[in-house]
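Please report on the helix packing, salt bridges and surface of the model below. Keep it short and give the cut-offs.

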Amino acid sequence: MSSLNLETTSETPPKAPDTLQELPITTTAKKFPKKLTLVPLIFLIYFEVAGGPYGEEPAVQAAGPLYALLGFLIFPFIWSIPEALITAELSTAYPGNGGFVIWAERAFGPFCGSLMGSWKFLSGVINIAAFPVLCIDYMEKVVPALESGWPRKVAVLISTLLLSFLNYTGLTIVGYAAVLLGLVSLSPFIVMSLIAIPKIHPHRWISFGQKGVKKDWTLFFNTLFWNLNFWDNVSTLAGEVDAPRKTFPMALLVAVIFTCVSYLIPLFAVTGAVSVDQSLWESGFHATAAEMIAGKWLKYWIEVGAVLSAIGLYEAQLSSSAYQLLGMADLGFVPNFFAIRSKRFNTPWVGILLSTLITIGVSYMTFTDIISSANFLYSLGMLLEFASFIWLRKKLPGLKRPYRIPMRLPGLIVMCLVPSAFLVLIMAIATKTVYLVSGLMTVGAIGFYFFMNFCKTKQWFKFSSGEVIED
């Protein structure tokens, strides 16, 4: 791969025709060598999306065992796989930091690129806030003092700051830490599933839930969506990946299989082996089930695994948010200071700091409100992403695509329409609070675009030209 230079020159090569035009990578290879290889990338994707079966329990509470199992069996085919395929194609065509921001900008222009960046960044940092909360939800079952009041608030704040500092120490450390965290956090579920086998009663899998318990479809679909989305977040790290055009498709394939299996096996084991009041299936119930199946030792092991999983989830998604800002700075959407890297760790510390501050601001919302708000903003971004993908196939048929989904345009449209319908459903069942929060943030995102243009006109900040020239 050729080295790159972010600075423009007086002798800019002429642009190729639209059918062949390709946006170069937005990372300087000489100054910032790529370090993410296949195995760390697989686990970073895994933590972008899942991090283990922690947080899947409310699907059973909302709709009963059968619908929960069917949801985690079917949803990957109508959502996860299409999203992962699109991410593989576009990340290999445009392997630069910024990911989906680049795709929207190339398809529909800078306004849509900026709007995509704002929606995805806000949904990302709101989503990040769920992980310290989820971590504390598990820990409170061992330390009851963390259930409410100032001990809980202090615990959330301290954990957020410590996890952000770990992210600051470098993407290489985060990548290999994700491998270790993934293996360790999944190990108690493997043990629990094996011990549960003799106790499983298969008829429990086809239960529609307790009689008299009303189905909470809002919680059900939000739980599925939250546990199986964000596949495209890793695209913002494409500029940091070694040989992204080869590495991305394989990493996404392995991560999809790994993620689906890690959700389904524990869910089959626990729903088949344990019979409890449906209302008890809240976030953190897997730890209670582990005690019922094997004893307190396994409960504590899952509690530890939950903490490690929350760490991995936080680190992976904070990295994506921070590198997204770096990519947006390289492309000229935000001022250059967002691209400043730590001299010691080579990490975008401004992006990490901003993401952390926003995360702290929303971390005191309830877990359900957090995932609902993140899902709504993410849905808006995904609708724009699907449209960008289809339009780029039509607009630039000759674009070099090292990985290309083997379907013609009509088939791709159908592939995108199915998850798009689900996105509309997710937004339709949102609460008034989520509509208000998401509406205000969207208005703010539009205002942000015009404010950035105003700053460029007044030259208040330095911006990149957005042009990247290959050496």
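## Basis

This is a predicted model, in which local features need pLDDT of at least 70, side-chain atom pairs count only at pLDDT 80 or more, and totals for chains, interfaces and linings use all residues. Residues are numbered from 1 along each chain as its sequence is written, and side-chain values use heavy atoms, with hydrogens and water left out.

Helices are DSSP runs of H or I with at least four residues, numbered from the N terminus. Buried means under 20% relative accessible area, exposed means over 50%, and partly exposed lies in between (1.4 Å probe, protein chains only).

## Helix packing

Two packed helices are described by the angle between their axes and the distance between the axes. Axes here are lines fitted to C-alpha atoms, for helices over the stretch in contact, and angles run from 0 to 180 degrees between N-to-C directions. Angles under 35 degrees count as roughly parallel, over 145 as roughly antiparallel, 65 to 115 as roughly perpendicular and the rest as oblique. A crossing is left-handed if the near helix is turned anticlockwise from the far one by less than a right angle, and right-handed if clockwise.

Helix H4 spans residues 100–108 and helix H5 spans residues 110–128. Their axes come within 7 Å and cross at roughly 155°. H4 and H5 are therefore roughly antiparallel. Their crossing is right-handed. Just after H4, Gly109 takes a positive phi of about 105°. H4 itself is mostly covered, with seven of its nine residues buried. Phe100, Val101, Ile102, Trp103, Ala104, Arg106 and Ala107 are the buried residues of H4.

H5 also packs with H12: the two axes come within 10 Å and cross at roughly 155°. H5 and H12 are likewise roughly antiparallel, but this crossing is left-handed. Helix H12 (residues 296–330) also meets H13, with axes that come within 8 Å and cross at roughly 120°. That makes H12 oblique to H13. The crossing of H12 and H13 is right-handed.

## Salt bridges

The structure holds five salt bridges. A salt bridge is a side-chain nitrogen of Lys or Arg within 4 Å of a carboxyl oxygen of Asp or Glu.

Which residue forms a salt bridge with Arg401? The partner is Glu89, with the closest N and O atoms 3.1 Å apart. This pair links distant parts of the chain, 312 residues apart. Arg401 sits in the loop between helix H14 (367–395) and helix H15 (409–428), and Glu89 lies in helix H3 (residues 65–93). Arg401 counts as buried at 9% relative accessibility. Glu89 counts as buried at 0%. Glu89, Arg393 and Arg401 are linked in a network of salt bridges.

Asp232 and Lys120 meet in a salt bridge of 2.3 Å, N to O. This pair also links distant parts of the chain, 112 residues apart. Asp232 is in the loop between helix H9 (217–228) and H10, while Lys120 is in helix H5. Asp232 is buried, with a relative accessible area of 0%. Lys120 counts as buried at 2%. Another salt bridge joins Glu291 and Lys299, whose closest N and O atoms are 3.6 Å apart. Glu291 counts as partly exposed at 29% relative accessibility, whereas Lys299 is buried at 13%.

Ala269 is found in helix H10 (residues 244–273). Is Ala269 buried or exposed? Ala269 is buried, with a relative accessible area of 3%. His201 is 68 residues from Ala269 along the chain, and their C-alpha atoms are separated by 9.5 Å.

## Nonpolar surface patch

Phe337, Ile340, Trp349, Leu353, Leu357, Phe451, Phe454, Trp460 and Phe461 make a nonpolar surface patch of about 870 Å². Patches are made of residues with over 30% relative accessible area and no salt bridge; like charges are joined within 9 Å, and nonpolar side chains (Val, Leu, Ile, Met, Phe, Trp, Tyr) within 5 Å. Accessible areas come from the Shrake-Rupley method with a 1.4 Å probe, and for residues only the protein chains shown count as cover.

Helix H13 (349–362) and helix H16 (432–458) each supply at least two residues of the patch. H13 gives the most, with three residues. Leu353 is found in H13. At 43% relative accessibility, Leu353 counts as partly exposed.
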